[in-house]
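User: I'm new to reading protein models. Could you walk me through one, feature by feature?

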There are 2 protein chains.
Amino acid sequence: MVSKAQIKHIRSLALGKFRRQHQQFVAEGHKIVEEMLLTGGFKYQLYISESQTENLSSVIKSASYEVISEKVMKQISQLTTPPGVLAVVDFTTHNYELDDLKSEISLILDGIRDPGNLGSIIRSAEWFGIQNIFISADTVDPYHPKVVQATMGSLFRVRLMEADLITLINDAQTNGFQVFAAVMDGKSVYKTKLTTKASFLVIGSESHGINKKLRTLIKNPISIPSYARGSLKTESLNASVAAAVLLAEFRKYGD
Amino acid sequence: MVSKAQIKHIRSLALGKFRRQHQQFVAEGHKIVEEMLLTGGFKYQLYISESQTENLSSVIKSASYEVISEKVMKQISQLTTPPGVLAVVDFTTHNYELDDLKSEISLILDGIRDPGNLGSIIRSAEWFGIQNIFISADTVDPYHPKVVQATMGSLFRVRLMEADLITLINDAQTNGFQVFAAVMDGKSVYKTKLTTKASFLVIGSESHGINKKLRTLIKNPISIPSYARGSLKTESLNASVAAAVLLAEFRKYGD
């Protein structure tokens, strides 16, 4: 039985303000919830609508869940067509020490605003073996339902941390880390010595790029050359596309 | 003066059915309309709301346009917050001959459904010097407002053509073209001899990949290797991300 108070609570998680207050978010759909369960280590409550009890994968079936009516599912779901599988998941808090990042490349996101872009970046990050993702306070909430959806489960397997980026980048460069940043007027990524050890890649916002204060700090601004024909051309790539093209290049051709 | 019939006509273009019937679409916003004008060669009617007449770039200012009230703009706009610059643009029809494609790499899109993905692919395609993009009949309408927006103007500078992909790919391979396709279980793109001459790259749908019939035809299935750690990982990259990572690789490392 889901109480009225619980329904109200779960519904409130549609808003970032209440997600932060309660340190919880909602993950919906067979696939996403299965990924959460398979990854493990999460504190969650799982709700299954009556019509879906026969459609559950073995992973979901063996989890602990509560069966609820279609009506209640409709009330707590954030989707127009509820998939009938909904988990309320507690936030996981991560910390970092620069020393622990010395053998790898990490990602820094400065002001990404589009949930689809952030989700896609998290998905690509996992694909290219990134474990740690640092986000600025003005980046879209990574627990926004559209972000959760777009990560296709990767959200559960990367370490997301909000950070003061100026402090982080200053500390990193002082401690011998290479900080690369995707900018419009940087050195060609193909002419830059790339490294996937003790390094960071910074991706800026869709409309404004990287914050000016950060930009002046960063020692390795890089760009993806355009092969567009003619004098007219698009000014930039989509942020999530640029992130993936660069990560692929670091992974394959970096030392 | 915009007549009631014109308002009704422009509003109808929010739907694909009417876009196809009238062979017209709507492009909104200073940036997109400026790109359309700069590219040139389009037949269009341009509407500017009263409040925007002082904010026009020199390019838009020197075009022919009609000033309309905020009220009428709100009626014809497809956006919640109308930017006040709206163009009704006639479709441009392109044809192709395989022979004309021999010196380049072209893109084939099979069933891309998400407007944001299609827009991003068109934007990346221009960036990486692709001129010709072939789309299957079940690909999302490239004149869908969200696609137009996401292309950031690239839509006006690539040649989009709907095609029967089986015929196209058969013809291409018979005539010595190399057809590459992004699949989950292909040969690593890093171990494949890539060429940007007389070649095609096929990108499949977000959820189903490439249509089975096409898949069996295609002689060069390729994949982007994953560097994900651990046994659990995301199964694939976002379609627009995969397209861009592969195009970058073709452009830089192909012959």
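User: Let's start with a helix: which elements cover the buried residues of α8(B)?

Analyst: The cover includes β5 (105–110), β6 (132–135), β8 (178–188), β9 (199–204) and α9 (212–217) of chain B. These labels are DSSP runs numbered from the N terminus, with helices being H or I of at least four residues and strands being E of at least two. Keep in mind that this is a predicted model: local features need pLDDT of at least 70, side-chain atom pairs count only at pLDDT 80 or more, and totals for chains, interfaces and linings use all residues. Residues are numbered from 1 along each chain as its sequence is written, while chains are lettered from A and ligands numbered from 1 in the order in which they are written.

User: Which residues of α8(B) are the buried ones?

Analyst: A residue is buried if 20 or more other C-beta atoms lie within 10 Å of its own, exposed if 12 or fewer, and partly exposed in between, with C-beta atoms placed from the backbone. In helix α8 (residues 165–174) of chain B, the buried ones are L165(B), L168(B), I169(B) and A172(B). Looking down the axis of α8(B), they fall within an arc of 90°, so they line one face of the helix. That arc is taken from the directions from the helix axis to the C-beta atoms. T167(B) and T174(B), on the other side of α8(B), are exposed. Just after α8(B) comes G176(B), with a positive phi of about 85°.

User: What is the phi of M152(A), and what kind of value is that?

Analyst: Here's the general idea: most residues other than glycine have a negative phi. M152(A) has a phi near 55°, a positive value in a residue other than glycine. You'll find M152(A) in the loop between α7 (145–150) and β7 (159–162) of chain A. In chain B, M152(B) also has a positive phi, about 55°, and is not a glycine.

User: Is M152(A) buried or exposed?

Analyst: M152(A) is buried, because 22 other C-beta atoms lie within 10 Å. M152(B) is buried too, with 22 other C-beta atoms within 10 Å.

User: Let's zoom out. How many helices and strands does chain A have?

Analyst: Chain A has ten helices and ten strands. Its radius of gyration is 20 Å, close to the 18 Å that the globule rule gives for 255 residues, so chain A is as compact as a globular protein of that length. The radius is taken over C-alpha atoms, and the rule is 2.2 Å times the number of residues to the power 0.38. The C-alpha atoms of chain A fill a box of roughly 60 × 45 × 35 Å along the principal axes. Buried residues make up 46% of the 255 residues in chain A.

User: Into which domains is chain A divided?

Analyst: Domain bounds come from an automatic or database domain assignment. For chain A, that gives domain 1 (4–90) and domain 2 (98–253). Their centres, taken over C-alpha atoms, are separated by 31 Å. Two residues are in contact if their C-beta atoms, placed from the backbone, lie within 7 Å. The contact between these domains takes twelve residues from domain 1 of chain A and nine residues from domain 2 of chain A. On the domain 1 side, α2 (16–22), β1 (24–28) and α3 of chain A each give two or more residues.

User: Which residues does S226(A) contact, leaving aside its neighbours within four places in sequence?

Analyst: S226(A) is in contact with K233(A) and W127(B). S226(A) lies in the loop between β10 (220–223) and α10 of chain A. S226(A) counts as partly exposed because it has 17 C-beta neighbours inside 10 Å.
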